[in-house]
Amino acid sequence: MELVVGASEATMRSVLGKLGGLLAQEYTLIRGVNRDLQYINDELSTMQSFLRVVGGSHGHDDRMKDWMKQIRDITYDIEDCIDDSGHRLHGLRTDMCCYFLVNSVYEVLTWWPRRDLSTKISTLKMRAQQIGERRERYGVNNPDISGSGGGPSTATGFDAADNQDSNLQLVAAKDPVGVEEYMGELEKWVTNENNSSGVLYIVGFGGVGKTTIANALYRKFMDQFDHSAVVTVSQSSDINTVLMNIKNQFMPQSNSHKQQGDDGIPSRVDLEEHFGENSYLVLVDDVWSATTWDQIKKVLPPSRKRSRIIVTTRFQAVATTRRGEGGDHTHKVIPLAVKESEKLFKQAFFESKGRQDNITRSQAVSTTSKRVEGHEDVMVPEEVWKMCGGLPLAIVIMAGYAACNPRKTRDDWLKICSSLFPESGKDHWKDGEKDLTQEEVGRIISYCYNDMPAEIKTCSLYLSIFPKGHKISRKRLTRRWIAEGFVVEKQGLSVEDVAETYFNHLIRRKIIRPVEHNSNLKVKKCIVHDMVLEHIVAKASEENFITVVGGNWLMPPPSSKVRRLSLQGSDYKHAKDTEKMNLSHVRSLTMFGSLNQLPSHSFKIGIVQVLDLEGCTGFRKHHTKQICKMLLLKYLSLRRTDTKRLPKEIGKLKNLETLDIRETNVVELPKTVCHLEQLVNILGGDKRTRRALKLPEELSKRKKMKALRILSGIEILGGSGDFHHLTELRKLVIYKLKTIGDNGSFQDLSSSIEYLGGYSLHTLVIDDESSSFIESLHYLTAPPKFLAALELSGKLVMLPSWIEKLGALNKLTLSVTALRTDNLENLSKLEALISLTFSFRAKERDPQILTILAGNKLYSKGEIKVPDRGFKSLKLLRFSAPLLPLLSFPKNAMPQLEKLEVRFSMLEGLFGVENLAKLKTVHLTSDNKAGEDMTREIQRELESKVRHTDGKMPRIILHH
């Protein structure tokens, strides 16, 4: 029940703010109910204080749980009442001309909505009184906050400062722990040339590490197949959606047809026509039904070349449903031994502590206990990881819990072990060899989950909106948290920064797992383990926090009002289920799939605050018009939909904070968008194609939208670009600079960059095809000294002299035309730089660029040599160009470099890679067939030379 506390507090905080606004109004907006409003305001304030106390306690009985649900429900209903009436009733300014006359007319015209609101508030006051009386009548006692009883306590709250991500790390795939003995056998099965086809069944119950093993195999061998795909099935998966997912990964060009509304399900003939002589590798994760697997298997044709299918399942019956084929193999995953459990626990523990370098030295720690650095008197006894029964999921979750509770004593830990398994006593975790049941694993997950602060649990409940196996974007998630009101400023941090700390804490807790990183080394996407997500979805459903339709688990229909709706299935059955629901109170709507199955009344909800249609198909013009009637909308994402234009009615969405129209056909914003004074994020254009979004001239001329913090993917016309008034702007991304007539000057833009660089501007991206504007930046008198990320694309050769003065710069992307030895020498002085990229963005081979590259090679005496000192913090280095000269790395060069990526059509060579002491991975990508032989030759040469003192060699990955 603790999970609902944070959600209720967030909603209550929002409601109290709105009630305060109504009470502060001096005009008779709703005459006669001020006393009722004051009563409700006071009652909710007391309830909010009570919820904070409840958040620090545990062990609530059913009466307490039910009473807390009543608090939550009335809080939601009060907010619905205020919001639903707010757009119908608007107060008049008392200083306006003829106020008394106008106000009299206004009261007559708004008599009915004011009476309606008065009646609703009177009813809500009565409900608030009844909730208080009911508590006394049925003896709902105050919670016990003594902390006894062995349950987790969250009374200490959340320290945002401790969870700021100051130690940026590359997201790297880790090899499974404790499976070395049989991984070799499984790898031989994949590479066995005697079998042209085959299915590998990896069987084991939840949390034992099936998916980890399958993913390790998939990552290692996917580049050896012409096509590869990963799909997640589950308890209630829609088979047609699974098959479409496979088809879209095998045949990306089919996405264009899909965007046009073609929902045809792929047949065996479809895939056979495409494969021809091509090989393929497919990972089908978490199959629950033999029937489901049989349907998938029938569609996958045998390749004339080679095919491998990896299936993970909890049920042996799935593995035996289509056996008898010569190439098939079944592997049953068993729990880890005690020694491997300890190794995994320590690895996960140090990751959560943010000290990855200590993972290797953790082997020197005592096998009976582990001393936590910084708290020498605190020990984590071996019983903690033994208690987990060798299940990797339980071990990792418990390690995250331990890392976030450094002050617990040995006795505390032993009490936790006993409280989790009281029926078994010490024998349960004495030797660590007792297998756990699924219920016992869930007990560990629930315990660690409930230990989190209330606000973090609220944000984690939000993860249930996304389907199982979905890669969740960090920015998408945190922006939605903010729109929902789950995040507020604290400890001097902005809401965006606080949301980042919440996300980081979920990573530390091992609730979410990073799977991709940006070039600035921040986590880009994460996933949730299916058993953890199952636990979250169940809690979210129980508390009526989120209603999921068409998800991967069989969930009962909602018994009360739907507050947040996630539509994860697009078939007619799920559409009918949605039609039966009461959607009049939905505040958040998220869709995955086709809008064709969306109930016709869903878009007419007047109180929706979050609408996320990212990637949905079937978007039509009338959808946009209906969206513009959602006057309370704060977050709107139409990313990767068929949206072609935004109507002028978009200006009615006065509460809008985030507008995401990236990768759509919208190329220009209407003038009315400048009326959106609360807009914080404008996300437009297409990063891959560099299609830009044209801004209305009124943005600059009338000094509008001063709250903007992100302005991304835009086009700047000559003579415009005056952003001096946007003093909150943190990120400016320009995809296109366009001159008009004789006005080729961008003086306003240059002046704005110089001015904002002294305020809040942290990220600057400029794509200047002619490079004339970029070259003009050489003459800035005051460089943007607070920049953390800078990207300059075009035909830049000489770097602005002020770049080497950017002490906070950690990410730098330059045109490959700037790849010269002298420029590298200057850049090596940037001590905070962790990511450096030289890229080539021209659609075709521009002769001028090729000439510049040839001149750079000649200037650098035939090779680009990295300095043997400097680049003290660099971890990621990337090159992308049609023609790359010899790249040379002397001894002591780039001492922290972990990842090297090189993309080319022709590469003259890599020399000295063996000198990169901490290099972990090398990615080589050729853009044509001629380059494939070259990549293999470079791979063989690197493998023969690269040897490290610890005997390890970086992984070399080829892409074609």
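**Entry 1**

I began with Tyr201, whose bridge partner in strand 5 is Thr330. I took strands as DSSP runs of E with at least two residues, and helices as runs of H or I with at least four, numbered from the N terminus. Two strands count as paired if DSSP finds at least two bridges between them. Strand 1 and strand 5 (residues 329-332) run parallel and are joined by four bridges. I then looked up strand 4 (residues 307-313), which pairs with strand 1 in the parallel sense over five bridges. There, Ile310 is the bridge partner of Leu200.

I noted that the model is predicted: local features need pLDDT of at least 70, side-chain atom pairs count only at pLDDT 80 or more, and totals for chains, interfaces and linings use all residues. Residues are numbered from 1 along each chain as its sequence is written, and side-chain values use heavy atoms, with hydrogens and water left out.

I checked the cover of strand 1 (residues 199-203) and found five of its five residues buried. Buried means under 20% relative accessible area, exposed over 50%, and partly exposed in between, with a 1.4 Å probe and protein chains only. Val199, Tyr201 and Val203 are buried on one side of the strand, and Leu200 and Ile202 on the other.

**Entry 1: the chain as a whole**

I recorded 30 helices and 31 strands for the protein chain. Of its 960 residues, 55% are buried. The accessible surface comes to about 41,500 Å², and 49% of this belongs to carbon and sulfur atoms; the areas come from the Shrake-Rupley method with a 1.4 Å probe. Among contacts (heavy atoms within 4.5 Å), I took those with a separation of 6 or more, and residues 24 or more positions apart account for 64% of them.

**Entry 2: nonpolar cores**

I defined a nonpolar core as a set of buried Ala, Val, Leu, Ile, Met, Phe, Trp, Tyr and Cys residues joined through side-chain atoms within 4.5 Å. Which residues touch the most other members of the largest core? They are Leu711 and Phe723, in a core of 109 residues. Another core, of 97 residues, lies apart from it and includes Tyr76, Leu344, Ala483 and Val495. Leaving out residues up to four places away in sequence, I found that Leu711 touches several residues, including Ile682, Leu695, Phe723 and Val733.

**Entry 3: helix 16**

I looked up helix 16 (residues 392-403), which has twelve residues and reaches 16 Å from its first C-alpha to its last, close to the 16 Å expected. The expected span is 1.5 Å times one less than the number of residues. Eleven of the twelve residues in helix 16 are buried, among them Pro392, Ile397 and Tyr401. The buried residues of helix 16 pack against several helices, including helix 13 (338-353), helix 18 (438-450) and helix 22 (530-542).

I found an open antiparallel sheet of three strands in the order 8-10-9. Strand 8 (472-473) and strand 9 each have a single partner strand, so one side of each is left without a neighbour in the sheet. Strand 8 pairs with strand 10 over two bridges, and Ser473 stands opposite Lys525 in strand 10.

I then turned to Asn520, in the loop between strand 9 (513-517) and strand 10 (523-527). Is Asn520 buried or exposed? Asn520 counts as buried because its relative accessibility is 19%. Its side chain reaches the backbone nitrogen of Lys522 at 3.1 Å. The C-alpha atoms of Asn520 and Ser835 are separated by 6.0 Å, although the two residues are 315 residues apart along the chain.

Technical notes:
Polar contact = N/O pair within 3.5 Å; in protein donor to acceptor, adjacent residues only side chain to side chain.
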